[in-house]
Amino acid sequence: MKFLFADGQSANWYFKYVGLPLSVGMAIYTLFSKLADKRRRAALRGKVVVITGASSGIGEALAHAFYDQGSKVVLAARRKTELERVKGDLQSKKLAVPTLEPVCIELDLGDLDHIEDFSKKVYNACGTVDILINNGGISYRGNILHSKMDVYQQIMNVNYFGSVALTKAVLPKMVENRSGHIVFISSIQGLIAIPDRAAYAATKHAIQAFGDSLRAEMYQHNVNVTMVSPGYIITAVSLNALTSSGEKHGVMDAATASGLTPQYTAEKILDSVVKKENDLVVSQFVPKFAVFIRHFAPSIYHYLMAKRAEPTKLTVK
Ligand SMILES: NC(=O)c1ccc[n+]([C@@H]2O[C@H](COP(=O)([O-])OP(=O)(O)OC[C@H]3O[C@@H](n4cnc5c(N)ncnc54)[C@H](OP(=O)(O)O)[C@@H]3O)[C@@H](O)[C@H]2O)c1
């Protein structure tokens, strides 16, 4: 018995004239996009990539991802011993591509007067900056009612002003060279704000706004800007977060512990950078959906956030 479709054509006919050409087309497309991806990644070889917050978490994973492509990574953060540990881990890898010795330079993003000195050290060590990844940052757990003003200022200094100052320090040479890429690791909380995160979400919203203006202004100079908004990623971010009184939170949040891995996140970021994408959201479904609700059903979002805020869990005595 011959199986016929409603329009009278046989399954064989569909396979020959629809299924087969579609499958071949898909296979060719996949092959070409894989080759293009490989070519784009190969272009990272020898590029100088400065990564702030490279002593742990997402920054450390980014250091591995770019080093694996043959980039010269500059590892920056406050803890020199942790930077040296990351450098040692990188150098112990056996890679097929030629590698370049990573450079470790201490950086305190909150110390705005020394950001220029840091950039001078980078230029002295590497001659240029091809990609700057503004990743270093601190989070916050506390409510507005009880938080000290200097906690807001400290987080704003590190997450916003520090990244702005560093970006401004490398931009003139990028503009002169008509090439460069600035990456910001913002957060889903740069797109929405939830209770008990005001001091953090405000910094991430600020960096999103800065990034959008920067992208527009840099277009004519051929300098790219990628804004990354991660959801929950398994790192020490909640352990290192500041509380309302400015102490370390010191607790691993359940949502962070069950988040995406930093390695997966770093690969997604690297992909986005080589494709010169403007924005990347790397997250599970729920935070992405929350962004959608905030924009398309704001009343529902505000209701849900008010429910989440009571009773306030982070009231600091
Ligand atoms: N994990 C998440 O769920 C998540 C989600 C969205 C966005 N993010 C963002 O991702 C970035 C990386 O955080 P992470 O999750 O990887 O957390 P993490 O493991 O705590 O890493 C934070 C990094 O920032 C550095 N840092 C902190 N204060 C600094 C300062 N004053 N100057 C220079 N470096 C400083 C730390 O290095 P030192 O202590 O050695 O200075 C560390 O390397 C942050 O901007 C964070 O807001 C994280």
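Modeller: Two strands pair if DSSP finds at least two bridges between them. Helices (H or I, at least four residues) and strands (E, at least two) are DSSP runs, numbered from the N terminus. The model is predicted: local features need pLDDT of at least 70, side-chain atom pairs count only at pLDDT 80 or more, and totals for chains, interfaces and linings use all residues. Residues are numbered from 1 along each chain as its sequence is written.

Biologist: How many helices and strands does the chain have?

Modeller: The chain has 11 helices and 9 strands. An open sheet takes 7 strands, in the order S3-S2-S1-S4-S6-S7-S9, with parallel pairing.

Biologist: What makes S3 and S9 edge strands?

Modeller: Strand S3 (103-106) and strand S9 (279-282) each pair on one side only. From one strand to the next, the twist averages 15 degrees.

Biologist: How do you know that S6 and S7 pair?

Modeller: S6 (residues 180-185) and S7 (residues 223-230) share 6 bridges in the parallel sense. The rule asks for at least two, so S6 and S7 pair. Within this pair, Gly180 stands opposite Val223 in S7.

Biologist: Which helix lies across S6 and S7?

Modeller: Helix H6 (residues 198-218) does, running at about 160 degrees to S7. Axes are lines fitted to C-alpha atoms, for helices over the stretch in contact, and angles run from 0 to 180 degrees between N-to-C directions.

Biologist: Why are H5 and H6 called roughly parallel?

Modeller: The axes of H5 (residues 149-177) and H6 cross at roughly 20 degrees and come within 9 Å. Angles under 35 degrees count as roughly parallel, and H5 and H6 therefore qualify. Residues of H5 including Tyr152 and Ile155 meet residues of H6, among them Tyr200 and Ile207.

Biologist: What makes a set of residues a nonpolar core?

Modeller: Its members are buried Ala, Val, Leu, Ile, Met, Phe, Trp, Tyr and Cys residues joined through C-beta atoms within 7 Å. A residue is buried if 20 or more other C-beta atoms lie within 10 Å of its own. The largest such core here has 64 residues, and Val50, Leu62 and Val74 are among those with the most contacts inside it. Helix H2 (residues 57-68) gives the largest share, 7 residues. Over the whole chain, 37% of the 317 residues are buried.

Biologist: What is Val74 in contact with, leaving aside its neighbours within four places in sequence?

Modeller: Val74 is in contact with Val48, Val49, Val50, Ile51, Val103, Ile105, Val122 and Cys126. Contact requires C-beta atoms, placed from the backbone, within 7 Å.

Methods
Contact = placed C-beta atoms within 7 Å. Buried ≥ 20, exposed ≤ 12 C-beta atoms within 10 Å, placed from the backbone. Parallel < 35°, antiparallel > 145°, perpendicular 65-115°, else oblique.
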